[in-house]
Every structure is written in C-alpha cells, then in structure tokens.
Amino acid sequence: FGLSERGLTIETLARAEPLIVRGNLSIRQPAIMTVKWGVDRYPAGANWEAGVNNEAIMVMVQYGTERLSGGLFLPTSPYFIGFFLCQKERVGALITGRSYTQQGRYICVDKPAAGTEVTTTIDLAQQFQAAFKRAAPPVTGIGIEADTTQVSGDGRASAWVRSIAIA
C-alpha cells in the first residue's frame with residue numbers, strides 16, 4: 001500500500017491478498033457509492049468466470065449485521081458484495097465465489113484499459129436486492145483489496161483508488 005498523486009495505490013509483488021477494512025459503519029439505504037479508480041497492471045490469468053477468482057482491485061461492501069456460515073473452516077460473515085475492475089469477465093454479471101456462497105457476491109463493474117482512471121457509480125441497495133432478492137440492510141463496512149493468490153506467473157498486480165464516496 002502507498003500514497004501517490006493518484007491516491008491509495010495497491011501493488012502485489014508476488015502472490016498476495018492485501019486488504020484494508022473499515023467496519024462499524026451504519027449507512028442507511030438507499031445509498032450510492034462512487035469510486036474513482038484504475039488498474040496499471042492486471043494479474044496474469046485472473047478470470048472469475050474461469051474459476052481464477054483474483055483481481056487487481058476490489059471494493060468490498062458489507063451489509064447488515066446478520067452473520068451466516070462461511071462454510072467448513074471459514075468464519076461467519078455478514079452479507080457482502082465485492083465490486084471489482086476486470087480484464088476478461090462480463091461487466092455486470094453476478095458471480096458466486098467458492099466460499100461464502102450464501103452471503104457473498106462479486107461483480108465486475110468496469111473493464112478499463114491499463115493506466116486509465118474510471119469513475120464507477122453503484123446503487124448499493126439495488127445491487128443487494130438483485131444479488132440476494134431481499135431489501136438491503138444498512139452498509140456496515142467497506143474494504144479495499146487485491147488478490148493474486150491463484151494467478152499464473154509472478155502474481156504481480158497494481159491499481160489505485162483516488163476516492164470512494166457513499167451518499
């Protein structure tokens with residue numbers, strides 16, 4: 001992690017999963033999240049639709065306080081959606097990962113070319129309702145992560161977040 005003229009930068013130098021989390025929030029719905037961000041280097045071979053569940057950058061949004069089982073040997077977790085920038089996946093497709101299948105979903109929200117900053121606006125209540133078929137609880141946490149633990153090659157990736165606003 002570092003700070004640059006672009007904002008918060010996240011770079012993996014090998015296979016890694018860095019994560020920054022801010023919990024104990026209570027943001028009522030409906031809420032709109034706007035993220036200004038980009039990717040300099042996508043991880044080689046990352047493709048959620050092909051089972052390589054990795055990305056250069058993801059903003060994770062936690063909903064409510066109800067905790068559900070994560071599966072065998074995994075801790076319980078509230079509902080969450082991971083919004084990420086992708087290179088190969090379909091934009092807007094809801095993806096269920098290998099773990100946290102009841103309460104977790106992932107969505108590629110844009111496919112910017114390397115080095116390009118994009119602004120992504122997400123209706124958090126609408127995305128929750130589409131993913132879980134129920135009314136969205138308050139936003140209770142937010143995280144920023146990268147994951148290159150499963151990719152081919154050296155596991156390198158680089159991305160940045162200039163700003164995240166929820167209103």
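Okay, hi everyone. Let's start with a word: a residue is buried under 20% relative accessible area, exposed over 50%, and partly exposed in between, using a 1.4 Å probe and protein chains only. Asp154, for instance, is partly exposed, with a relative accessible area of 40%.

Quick housekeeping. This is a predicted model, so local features need pLDDT of at least 70 and side-chain atom pairs count only at pLDDT 80 or more, while totals for chains, interfaces and linings use all residues. Residues are numbered from 1 along each chain as its sequence is written, and side-chain values use heavy atoms, with hydrogens and water left out.

Back to Asp154. Who is its partner in a salt bridge? That's Arg41, with the closest N and O atoms 3.4 Å apart. A salt bridge here is a side-chain nitrogen of Lys or Arg within 4 Å of a carboxyl oxygen of Asp or Glu. Arg41 sits in strand β4 and Asp154 in the loop between β10 and β11, so the pair ties together parts that are 113 residues apart in sequence. Strands, by the way, are DSSP runs of E, at least two residues, and helices are runs of H or I, at least four, numbered from the N terminus.

The whole structure has six salt bridges. Another one joins Glu11 and Arg156, at 3.3 Å between the closest N and O atoms. Glu11 is in strand β2 and Arg156 in the loop between β10 and β11, so this pair links parts 145 residues apart in sequence.

On a 1 Å grid over the protein atoms alone, a cavity is a set of points where a 1.4 Å probe fits but cannot get out, and a pocket is an open set with protein on both sides within 12 Å along at least five of seven lines; lining residues have an atom within 4 Å of a point. Points are joined across faces, edges and corners, and a volume is the space filled by probe spheres set on them.

The largest pocket holds about 670 Å³. It has 29 lining residues, and the closest to its centre are Met60, Phe80, Tyr100, Tyr106 and Glu145. Which strand gives the largest share of that lining? It's β5, with six residues.

And the cavities? The search finds one of 30 Å³ or more. The largest cavity has about 60 Å³ of space, and its lining includes Tyr42, Phe84 and Lys88. Thanks, everyone!
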